[in-house]
Amino acid sequence: MNTEEARARLGQSVCDEIDSWIAKFPEKHSRSASIAALRAVQHAEGGYLSVESMDAVAAYLDLEPIAIYEIASFYSMLETSPVGRHSVSVCTNISCMLCGGEAILSHIERKLNIKVGESTPDGRIFLKREEECLAACTQAPMMMVDHVYYTNLTTEKVDQILDNLE
Amino acid sequence: MNDNHVKLTIDGHLLEAPKGETIIQVADEAGIYIPRFCYHKHLPIVANCRMCLVEVEGVGKPLPACSTPITEGMSVRTRSEHATDAQRATMEFLLINHPLDCPVCDQGGECELQDLALGFGRGVSRFTETKRVVPDEQIGPLVQTSMTRCIYCTRCIRVLEEVGGRREIGATGRGEHMKIGTYIEHSINSELSGNIIDVCPVGALNSAPFKMQARGWELLSHVTVSPHDCLGSNLYGHSLRGKLLRVVPRENNSINDTWISDRDRFSYTGLTASDRARVPLIRRNGELIQVEWEAALEYAVGILKKAGADLGTILSPSTTLEEMYLAQKLIRRLGSNNIDTRIRQHDFRDDVGDPRFPSLGGSIREVSNADAILIIGSRLNKEVPILGYQVRKAARKGSTVMVLNPRRYDLVLPISHEKIVSPQQLVNAVAALVRALAREVNRSLPDFMSQFSLDKEYEFTPIVKRLAAADRAYIILGHIAVQHSSFADLRRLGALLAKLSDGRFGVITEGSNQAGAYLAGAVPHRGPGGVPVMPGMTARNMFEKHLPGYFIWSIEPEFDCWDGPAARAALDAGSVVAAVSFITPAMREYADCILPVAAFGETSGSYVNVAGELQHFNAAAIPMGESRPGWKILRALGAEAGLVNEFSYARLGEIHAELMSSIGGTPLAGGDMEYSGNWEVKPGIPDNKNLHAFIEVGPYAGDPLVRRAEPLQQTEDAKHSGYAWISPTDARELNIFDNQLVRISGSGSNRADLVAKLSKDVTRGSVWIPLGCGLPMHGQVMLSAIPVAAEA
Ligand code: SF4
Ligand code: FES
Ligand code: FES
């Protein structure tokens, strides 16, 4: 893929956003814009990064595709396969674990009939991999839904939150 | 004390070393061993394995020796309790997930992890949980993966990036889920990919052809040198009971550092091909029949003597120096001076102006230190992979790399300026570049420059500016230039470019001993020592003329000569003695006598590389069947021809000494590219509306041995060479589609049926075809689609 093909694949608005990030770094360091670029593409393309879209980002930033695959597979906020619309992650690190985080997680698994890492068949909810401590220990147990923290959880509270998701 | 040096102690030894070095470098230099996995002296430092932790006085925690720079007065302890505790802990962590499969692992016995586990590991593991398992990836026919064994040192990633020039693999995932690989499964395409096998400290990456063949400690190691390109990479041949089972690099920091090409590493797999010549054969009543050596030698000498002055001798340019010397001595004594090794060269107009021997015009180090490099007519990385690596090194140090090629190739180099012109225009384009450069530096041009056409304008400003400004410019002519119908002009122009930029000029010759051929007297215009003699016929003339007798040595003319079909016709007409290691079907038809010659690894000898370095090597294996080392065959032919006294050598060393007395001592002087000759400029290939075919010598097609190396033939590179590559514009006009079967017809009955591939990298008016397809290296052709119905 060359830059032009990449531009066509990514679309003008995504390219504009990537350009604005490239401009923030010194010349020839467009690599630094990788994460921002991937986030923009993920947002524009239904919540995940296809191989083709990662290749386009690599071509656009003049990097080897593997450099982009490494980043995309490393960061937990970047998804490399199709997932549900709403991302739910439950903390099971030490404070949450002591306060029943694991019970909350199994409750959700039972309720949605999916395992951690899976999405509901209707594409509504993605139960993301177990999160490590999200620094909300004082209000454990907690979970994060679409980047918003929900704390001092009970199963009732969880049901209510999940049922309200579109 | 030198200002740039600091004093420190390591384990009580007072040492002095240049500022900026790291502890491990100083310790290695002093012979103090510090364990390591990720550190490799020729790779960038990443310090991710933590095996090299040492104690530095005054610092509370252990420090990684590989990445800690030395400072004045530093006191390092590598074996203190503090240090060894840290090393042991690292070892324990590394072994947590490492499988205990050493008995079935090919790395066993030469595994860095095994060695260090012995030195630093615990006898019993405290880890009782299950170990992780990592699925393997198919990364091509050369490298076998067992990724569960990986310890994430990332050496493989760095080798491909630094040496191969491209990040083809990486570490994806995180933490426990991290994995080394390509992510999207595909083969690794670097021509230097095999080096990941050597650097991998464990058995995660192993040689696929060597899989389960032998244990490292059973093998005998022999010094050898690459027979495939003009650099002469240093190798070890590993053999078991007389069979060559593996080839690995031998460090030589003036040629190949610690790296070798895949071609050098895996070509040995061709040695056991089913068409190996194993016994002497002669033709009787039209049939080739097996005979004793005595009878074959007598028969061969009969043919050679009968042809006498009209004998044509054509040797592979990878023949050893000693064999070349004996061959020319023999045939010159028999009255012929038609001998040549320049099998894929077509333009010999400038033989009179040849330097003592063709060369790079400098050392390999000088190439990697050049500050501007212009590559003309070369697919450098595939022609001479290690030279590609040296240019890459230069680029990393800031050199500007520029290319002027008749077809766009991905050289895996950071190219600053690239100019692609059609092969038909190549000569005039280089001439235009010479003119522009002369204008820029304000110098006058020699008279012959007026003979080049001024028809076309070329834009060369960035290249001209860079060459003019460079302190150490280097102009390199590659194989495509050597094979060009106007090579003499290209060479003269290249040398002129170097002169105008006060730089150096070199030619990448084919084979591993082309320079040696000049010094041994195995070219028609040179005698032993490279002294000019009354010229005989060139390889080209010999085939054009149809001589009564031919003596061919380790070549397969249908593949290896500039005009394969013409060579075939000449050989069909004359009597032929073929001294070869493999027998092609064509050879069974034209050869009257086949003498089986020991192949690569089975004979001792020496080569002179393109930088004028003389290198010796030893046999690593026993010649197969009844084949014999070439020099012994030539010695016997000499005796059979009645030259008993002149061919009475007891040892190879005597032949070498006799030749060296005419060459003079080493280092070999010569190779400067000043031309004294004066010859007509030739239009070369007409730049008209007609279609011209050009043969691409694929990286794994160039000599009989690589053509038989199965694993190399399965690579993407080998497959890529098998098509007819044509520009999309030409294809449209000719109504040709991608993947369509086409017929390419040249002059006479020459033709080839090939699958067409469309590529924008090919210029208009040219089609690039594979070696051995039945057409000469260059020629005007007609191209037409073969109707599907006619295919059957
Ligand atoms: S495969 Fe070998 S070289 Fe590559 S990271 Fe793993 S252990 Fe290191
Ligand atoms: S342990 Fe769950 S937020 Fe800290
Ligand atoms: S060798 Fe120093 S950290 Fe790996």
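**Entry 1**

I began with B:Glu298, which sits in helix α7 (residues 293-307) of chain B. Helices here are DSSP runs of H or I with at least four residues, strands are runs of E with at least two, and both are numbered from the N terminus. The model is a predicted one, in which local features need pLDDT of at least 70, side-chain atom pairs count only at pLDDT 80 or more, and totals for chains, interfaces and linings use all residues. Residues are numbered from 1 along each chain as its sequence is written, chains are lettered from A and ligands numbered from 1 in the order in which they are written, and side-chain values use heavy atoms, with hydrogens and water left out.

I then looked up the cover of this residue: B:Glu298 counts as exposed because its relative accessibility is 54%. Buried stands for under 20% relative accessible area, exposed for over 50%, and partly exposed for what lies in between (1.4 Å probe, protein chains only). B:Glu298 belongs to a negative surface patch together with B:Glu292, B:Glu294, B:Glu626 and B:Glu640. Patch members have over 30% relative accessible area and no salt bridge; like charges are joined within 9 Å and nonpolar side chains (Val, Leu, Ile, Met, Phe, Trp, Tyr) within 5 Å. Asp and Glu count as negative, Lys and Arg as positive, and His and the chain ends are not counted.

**Entry 2: chain A**

I noted 8 helices and 4 strands in chain A, in the sequence order α-α-α-α-α-β-α-α-β-β-β-α. The C-alpha trace of chain A spans about 50 × 35 × 25 Å along its principal axes. Of the 166 residues in chain A, 43% are buried. The domain assignment, which is automatic or from a database, gives domain 1 (3-74) and domain 2 (86-163). I find the C-alpha centres of these two domains of chain A 30 Å apart.

A:Ile35 is placed in helix α3 (residues 34-44) of chain A. With a relative accessible area of 39%, A:Ile35 is partly exposed.

**Entry 3: backbone exceptions**

Most residues other than glycine have a negative phi, and most peptide bonds are trans.

- The peptide bond from A:Ala140 to A:Pro141 is cis, with omega near -5°; A:Pro141 lies in the loop between β2 (125-127) and β3 (143-145) of chain A.
- B:Asp11 is not a glycine, yet its phi is positive, near 50°. I place B:Asp11 in the loop between β1 (5-10) and β2 (13-18) of chain B, and B:Asp11 counts as partly exposed at 28% relative accessibility.
- B:Ala47, also not a glycine, has a positive phi of about 50°. B:Ala47 falls in the loop between α1 (23-30) and β3 (53-56) of chain B and is buried, at a relative accessible area of 13%.

**Entry 4: salt bridges**

Side chains of opposite charge can pair when their charged atoms come close. A salt bridge is counted where a side-chain nitrogen of Lys or Arg is within 4 Å of a carboxyl oxygen of Asp or Glu. By this rule I have 57 salt bridges over all chains.

I looked up the pair B:Asp101 and B:Arg149, whose closest N and O atoms are 2.8 Å apart. This pair links distant parts of the chain, 48 residues apart: B:Asp101 is in the loop between α2 (81-96) and α3 (112-120), and B:Arg149 in the loop between β6 (143-145) and α4 (155-162). Both B:Asp101 and B:Arg149 are buried.

Next I took B:Arg166 and B:Asp410, which meet in a salt bridge at 3.0 Å, N to O. They are 244 residues apart, with B:Arg166 in the loop between α4 and β7 (170-172) and B:Asp410 in the loop between β18 (400-405) and β19 (415-420) of chain B. B:Arg166 is partly exposed at 27% relative accessibility, and B:Asp410 is partly exposed at 48%.

The side chains of B:Asp502 and B:Arg443 also form a salt bridge, at 3.1 Å, N to O. B:Asp502 counts as exposed at 56% relative accessibility, whereas B:Arg443 is partly exposed at 36%.

Last, I traced a network of salt bridges that links B:Asp275, B:Arg344, B:Glu510, B:Glu556, B:Asp560, B:Arg707 and B:Arg708.

Conventions: Areas by Shrake-Rupley, 256 points an atom, 1.4 Å probe, with all protein chains shown as cover. Charge placed at Lys NZ, Arg CZ, Asp CG, Glu CD.
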